[in-house]
Amino acid sequence: MVRRLYWLCWLVVLGLLGWGLATEARTSYLQAHYFTRLDRQISYNLAPGPSPSIRFPGPGPYDVRLGYADLPTIITSLTAHQLQISQQARWSPRLDWFVDHGGYTLYTPKQQTGLQMFDRSGVTLFSARYPQRFYQQFSEVPPVVANSLMFIEDRDLLETTEPKRDPAVEWSRFMLAAGARIAGTINHRWQRGGASTLATQIVKFRDSPGGRTDSIGEKMRQMVTAAAAAYQGGPDTLPARKNILVTYLNSTPLASYPGYGEVIGLPEAMWIWYGADFSAAGNLLMSPATDPATLAAQGQAYREMLSLLLAGRRPAYYLLQNRAALEALTDYYVRQLGRAGIISPALRDATLASRLPFRDDMPPPAPVSFVDNKATGWMQAELLSLLHVPNTWSLDRFDLTARTSLDEAAQQRVIAVLTRLSDPAYDQSLGLVGKYMLAGATPKPALINWSFVLYERGADANYVRIHADSLDAPFDINSGAMLQLGSTSKLRTLTTYLDIITSLNRSLAPLSTADLAHLGTTAPDALTRWAATYLATAKDRSLRPMLEAAMQRTYSASPVTFFTGGGDNSFGNFEPWEDSTVPTVEFAFENSINCAFIRLMRDIRDYEIAAAGIDEKYLLSHPDDPARLPYLERFIHTEGLHYLYHFYDEDRGLTPLQALDRLTTHTSPMASHLAVLYLAIFPQASEASMTDFLRQHMPRQSFAEVAPDRLTKLYQQFAGNKFSLNDEAYVAGLHPLRIWLTAYLQTHPNAGWNEIAAASPQAIDQSYTWLFRRGKTFQQNVRIQTIIEQDAFARIWQDWRRQGYPFDHLVPSLGTTLGASGDRPDALATLMGIILNGGVRQPTVDFDRLNFADGTPYQTDFTSKPDPKPVLDPAVADIERQALMGVVQNGTAKLLAGSYHLADGKPMQIGGKTGSGDNRFHIYGPGGALRGERVVDRTATFVFFLGNQYFGTVTAYVPGPHAAGFSFTSAMAAQLLKALQPQLDPLLGVPVPTAPPPKAVVQSGPAD
């Protein structure tokens, strides 16, 4: 009896337990209580500064697409680029606990995100929204689509008998799937699909690595997260379940369409794959079918929507690889849905009668005006660099809002002018036609590309206000390439010169008068001699008077030829009257006198040589000095590798035998030349092989005239490495390294450049043995001077780099002061900003606020945190500012004098530097005769400041052969700045006159 009672009690307990589990599975009563209580403690809020509690997600598809997963590296990058976290999300302890114990972050994901950019006042510059189409609420979903989805994926999702039901798990399917997985460990044929509900699939799409469920643990993580998310609105989950259905339709991935990318959500997929409007299709399916045509249209719309619901199982397979299989699967489910009463027989038949209308191609995008969107494109490129994002496709899908420093109203006013500059009549009205500018009706002004950039100087940063150009292409004139900007380089030269004077003042001013007087006659360079002589007699040795005196030093402006850049180069002036002048540095800068600045740059170069401890004069006059040897070795290996790479580049892609055949085309088809060439490459070859080679590469008649004993003598003379590489090359009339390279490739046919360069030092040494012979002092001196000058310009480059010079080397030539090394307009503006800010280099702020993941637990907002750095002595900056104002008052930009005014009507201080570039490659023939030229481009630039706050650049640019038809100079760029005064006045804070401004008067000024 006791034993029966014992077992009876156990049966009751088990029965109650089973009843409780069944009841809980049906009602979710305990789950609703637990998760509702948990969710009340899960929250996040925004607070200033970095968050101590925030965590970022892993590589889930949604988290990667929106940029959430990349936020740790983004934070590191932006912090390194002078941006700081201004505010960030703080997590509640329970949210932190939930994620720590395996859940994914709980919050309401966004249905639509994308990059948005605004100007400084909140005007929209760019807005990308993805997906572009989505259901905003449950009522927009046609009931037949909702019911079909539930039939296919989650049949009890919206049942109303149990309002607290947990939508994250369907227990019967879960137990069946769990049993099947266990059975699958015994026999894989017994394993069947999982028990995913729509709720867990949404978590998978969003957060699971790769969007996959690769383990039971991951499935449990999805289920717990989905369950907790369902109760965020309280224990009644029916509203949440409706939202789950809508979210699923909006977030299911449906492959990638060529030319568009990843397709997310049924509404977007309707348009991308079938060209159908989901909203119109939905309205059609929610309307009664009143006639056969409407019923047929309903069948078509339903087929398209149903096919996409089914394609979500294997998107790439069904939508890209096997569309016939998708058609068949759709037909199967149409019949099943008809039998289940989900769709009417009429809709069933109409659907079966339709076919899927896959697009052949996406409709062509609307034409994009690069002129109107140049600033936006530039800002996107800046973001790509800052965030280390691979492409704009990815960037545009980030959950990111950016406030730029641009002023859109001013930007559009300037663009409106630039886009009209192709009209000759309009150019005439702006004063752009005349001497040094456009010359009459031809050539076409439409061939000129214009760029205008304006910055505003703030307390600790410079802000881009206008970034515009007229080039209807992605290329950015202002910052996109190396341009020859002519005499604007004189501004960099003047800066380096005044920097040197500042350094000399600091080092020499403490010396005694006697020591200074001695140094003034013995120093190896002109600048040190002048500085010492000046200080020896100066009553005031402070920096400012010395800089002023340095600006009054004189240089001859007569045309001159100097050894520079590896040879003799001649320099002349732009205007004939300049040739007979001996201008001061100040006057030469104001009037952009070339030859005076060539001599100034020579003094700078010589100063750097002396400062490095090199006595160039002694070194060149003592041919036995062992200090010469390192210079010569550096030269031959640099030049040798240069030649070798040129030959390698010519032969790239050829087989060794093809390279040998090409080599024969560079020498005369004579027996002696070809014999020495062949035997230099194959020194152990037989006489018969040499003879065959000559037969193949000599004209038939010429070979027939070569006697057999002549061939034997040639073989005996050149076979077996009897001659040096230099001698073989001399006989063949070829460069020795060309022969060596061809020979090397015969035995190393797969060698790349690095291997060839590593194997070449001995060959290079052999090629230059002639240089070390007695009697070659002149040739040696040329090469030593070249290396010494290269080293000097490497040190000059370091100073230019501090000024914001954008490239990693300078052309080692005095012509660099005339623009030979190239520049960029925005880099010149950087230097202008340094000068305007008293010698301090302030960072340029493109974005003053970046807002990531707004309203989510990952929200991270950035603001700029500039870090200004002193670059020039304030006295140098002030002297340069005065010199730049002199260019406008007295020099090459004097047409601008008095053209801008302050709000009180007083003239605004304007300064700047002009520069013109006429970039051509000259082609020389035998004896140095000029055989022709190739025109590269023509440029005209004016880098300027307006008052104490604004600075920028104006650039005119004509690329390619068309540039040969133009003769404009930088006077034209300065004139455009003058013509833009009405467009800039509102930005500069100057009241706009009620009456229209008078037309600009045609003016011209001296050019450079």
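Ala, Val, Leu, Ile, Met, Phe, Trp, Tyr, Cys and Pro count as nonpolar, Asp, Glu, Lys and Arg as charged, and the others, Gly among them, as polar. The model is predicted, so local features need pLDDT of at least 70 and side-chain atom pairs pLDDT 80 or more, while totals for chains, interfaces and linings use all residues. Residues are numbered from 1 along each chain as its sequence is written, and side-chain values use heavy atoms, without hydrogens and water.

**Exercise 1.** Determine how the lining of the largest cavity divides by class.

*Solution.* A cavity is a set of points on a 1 Å grid over the protein atoms alone where a 1.4 Å probe fits but cannot get out, and lining residues have an atom within 4 Å of a point. The largest cavity holds about 280 Å³ of space, a volume being the space filled by probe spheres set on the points, which are joined across faces, edges and corners. Among its 22 lining residues, Tyr-62, Arg-65, Gln-111, Pro-131 and Ile-264 are the closest to its centre. By class, the lining comprises 10 nonpolar, six polar and six charged residues.

**Exercise 2.** Identify the helix that gives the largest share of the lining of the second largest cavity.

*Solution.* The second largest cavity has a volume of about 50 Å³. Its lining includes Tyr-455, Ala-829, Arg-841 and Phe-951. Helices are DSSP runs (H or I, at least four residues) numbered from the N terminus. Helix H39 (residues 825-836) supplies the largest share, three residues. The lining as a whole divides into four nonpolar, four polar and one charged.

How values were computed
1 Å grid on protein atoms, 1.4 Å probe; cavity = no way out; pocket = protein on both sides within 12 Å on 5 of 7 lines; lining within 4 Å. Helix = DSSP H or I, 4+ residues; strand = E, 2+ residues; numbered from the N terminus.
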